[in-house]
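Please examine the sequence and the three-dimensional structure shown below. The paragraphs that follow treat a helix pair and a pocket in turn.

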Amino acid sequence: MPNSLTPLNTIRQRNLTVDWLVPTILAKGHVTMLAGQPKAGKSTLLFHLIRALDTGSDFIGFPTLESKVLLISEESLSSIVSRADELHLCASNVFVYEPQE
């Protein structure tokens with residue numbers, strides 16, 4: 001179905017419940033962007049979140065659901081692998097977008 005413009009009142013009438021992978025932090029089926037100042041710890045936080053989602057373990061005190069993750073990053077593939085290795089990330093549910101040259 002192509003994108004369309006929908007009146008807000010029509011949307012309000014729908015059942016808009018959210019399935020949370022991490023309660024109030026990360027919703028299933030939604031795109032989430034992590035942004036911040038350089039060296040603020042975005043990648044470190046992200047890889048801890050990915051590890052929690054990969055295994056279904058707690059993340060900063062919140063329960064998570066074991067889930068598949070698509071990682072789209074501006075970091076190099078070697079950096080991504082290095083960070084995953086540092087955290088002993090099994091990553092059976094983690095998929096990395098590789099842009100074609």
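Which handedness does the crossing of α2 and α3 have, left-handed or right-handed? The crossing is right-handed, a term for a near helix turned clockwise from the far one by less than a right angle (anticlockwise is left-handed). This is a predicted model in which local features need pLDDT of at least 70 and side-chain atom pairs pLDDT 80 or more, while totals for chains, interfaces and linings use all residues. Residues are numbered from 1 along each chain, and side-chain values use heavy atoms, without hydrogens and water.

Helix α2 spans residues 42-55 and helix α3 residues 77-86; they pack at an angle of about 60°, with their axes 10 Å apart. On α2 the contact (heavy atoms within 4.5 Å) is made by S43, T44 and F47, and on α3 by I80, R83 and A84. By class, these residues are 3 nonpolar, 2 polar and 1 charged.

The largest pocket has a volume of about 1,100 Å³. A pocket here is an open set of points on a 1 Å grid where a 1.4 Å probe fits, with protein on both sides within 12 Å along at least five of seven lines; lining residues have an atom within 4 Å of a point. Its lining comprises 34 residues, with T32, L34, L46, L71 and I72 nearest the centre. Helix α2 gives the most to this lining, 9 residues, and β2 (26-27), β3 (69-71) and α3 each supply at least two. The lining has 19 nonpolar, 9 polar and 6 charged residues.

Technical notes: Axes fitted to C-alpha atoms, helices over the stretch in contact; angles between N-to-C directions. Helix = DSSP H or I, 4+ residues; strand = E, 2+ residues; numbered from the N terminus. Nonpolar A, V, L, I, M, F, W, Y, C, P; charged D, E, K, R; others polar. Points joined across faces, edges and corners; volume = space filled by probe spheres on them.
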